[in-house]
Amino acid sequence: MLFRMLGVPELYDETRHRSVRLSSSKQGTLLGALLARPGRPVPVDRLVYEVWGDHPPGKAGNALQAHVSRLRQALSLAQPEQGNRSRLQTHRSGYVLRAHERETDCGWFRLAVARARHAAERDPHSAYRQLRQALGLWRGEVLEGSVRGPICGAMAQDLERVRLDALEAMFGAALRTGRHAQVQAELREAVRAYPRHTRFRAQLALTPYEDVPAAGPVPVPGHGPARRSTAPYAEHLPRPAGPDRYARPPAQAGRPDELDRLRGLVQLLASEQQSLRVRLERLSALVGHEGPAAS
């Protein structure tokens, strides 16, 4: 079974290749809070606050128990071979959900990003492919449509941070491997979505002037629809109101646009220079620690 949280929360039966939707948004909140701490008990009072905030119903413990019961039914539908051995168990202080990192789409996302980062220096082509596939796991916002209390909110914020870093790393790998035109439209989308993230502007400055179509969807192999999603990640970037202030009007090409490109390039070079300086200092410290080689 695969727990899917990078979008509308649902359970995916990998044996029968079918999705099991949850019965309410509160179910999604409950599932997210439990998966934020898999294998560890989450106290009842924390879960009640996560689901209802400052306005819990009367007999909140009983109401929570009813939602837990419905979530157990959904788990049973998604993995009937478990029989009576439910993954969701009652603990003396609350509830605990047994799930491995590789049984969640957010777990797969983190692992894929980590592997891609490890491969980035020696094989940027592989890193680019892995990062694009990892970003393809996102079907929307984290736990889309569900209320996010402190537990789910912190998890969503962390995942969004990893996603932003993965986007930057993917664009960087694309530029290193000559895919400038291929990611130009996506970089523009990222600049619109994250106007304060100057790294995207710097990366966009390295792409060609001419307009190009957005990169096509890349299928993500294995693990049901969550891993085979064909929706480009850029479709899920929030779009600000008003015109695209970073798009160049066809009739206004010239010095202002060139100035923006040069500023972005300077920012990128400064960032790369800082990165190289840090690596040089680490290498120098390592050589100094080892001392001169024996003759």
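Start by selecting helix 4 (residues 105-119) and helix 5 (residues 124-135), whose axes come within 8 Å and cross at roughly 165 degrees. Axes here are lines fitted to C-alpha atoms, for helices over the stretch in contact, with angles running from 0 to 180 degrees between N-to-C directions. Helix 4 and helix 5 are therefore roughly antiparallel to each other (angles over 145 degrees count as roughly antiparallel, under 35 as roughly parallel, 65 to 115 as roughly perpendicular and the rest as oblique). Show side chains, and you will find Phe109, Ala112, Val113, Arg115, Ala116 and Ala119 of helix 4 meeting Pro124, Ala127, Gln130, Leu131, Ala134 and Leu135 of helix 5; contact means heavy atoms within 4.5 Å.

A word on what you are viewing: this is a predicted model, in which local features need pLDDT of at least 70 and side-chain atom pairs count only at pLDDT 80 or more, while totals for chains, interfaces and linings use all residues. Residues are numbered from 1 along each chain as its sequence is written, and side-chain values use heavy atoms, with hydrogens and water left out.

Now zoom out. The protein chain has 10 helices and 6 strands, taken as DSSP runs numbered from the N terminus (helices are H or I, at least four residues; strands are E, at least two). Of its 295 residues, 41% count as buried, meaning under 20% relative accessible area, with exposed over 50% and partly exposed in between (1.4 Å probe, protein chains only).

Next, center on Phe109. Leaving aside residues up to four places away in sequence, Phe109 touches Leu6, Ala134, Leu135, Leu137, Trp138, Leu159, Val162, Arg163 and Ala166. Phe109 is also among the residues with the most contacts inside the largest nonpolar core, together with Phe3, Leu11, Leu34 and Phe200. That core has 65 residues; a nonpolar core is a set of buried Ala, Val, Leu, Ile, Met, Phe, Trp, Tyr and Cys residues joined through side-chain atoms within 4.5 Å. Color helix 6 (residues 150-176) too, as helix 6 gives the most to this core, with 13 residues.

At the crossing, look for Thr29, Gly32 and Ala33 in helix 1 against Ile151, Cys152 and Met155 in helix 6.

Then move to the open sheet with strand order 1-2-3 and antiparallel pairing (two strands pair if DSSP finds at least two bridges between them). Strand 1 (2-4) and strand 3 (18-21) stand at the edges, each with a single partner strand, so one side of each has no neighbour in the sheet. The twist averages 30 degrees from one strand to the next. Select strand 2 (residues 10-13), which pairs with strand 3 over 4 bridges: Tyr12 stands opposite Ser19, and Glu10 opposite Arg21. These two strands form a hairpin with 4 residues between them, and His17 in the turn has a positive phi of about 55 degrees.

Your last stop is an open sheet of 3 strands in the order 4-6-5, again with antiparallel pairing. Strand 4 (42-43) and strand 5 (88-90) are its edge strands, each pairing on one side only. Strand 5 joins strand 6 (residues 94-97) over 3 bridges, and Thr90 has Tyr95 in strand 6 as its bridge partner. Finish with helix 3 (residues 60-78), which lies across strand 5 and strand 6 and runs at about 145 degrees to strand 5.
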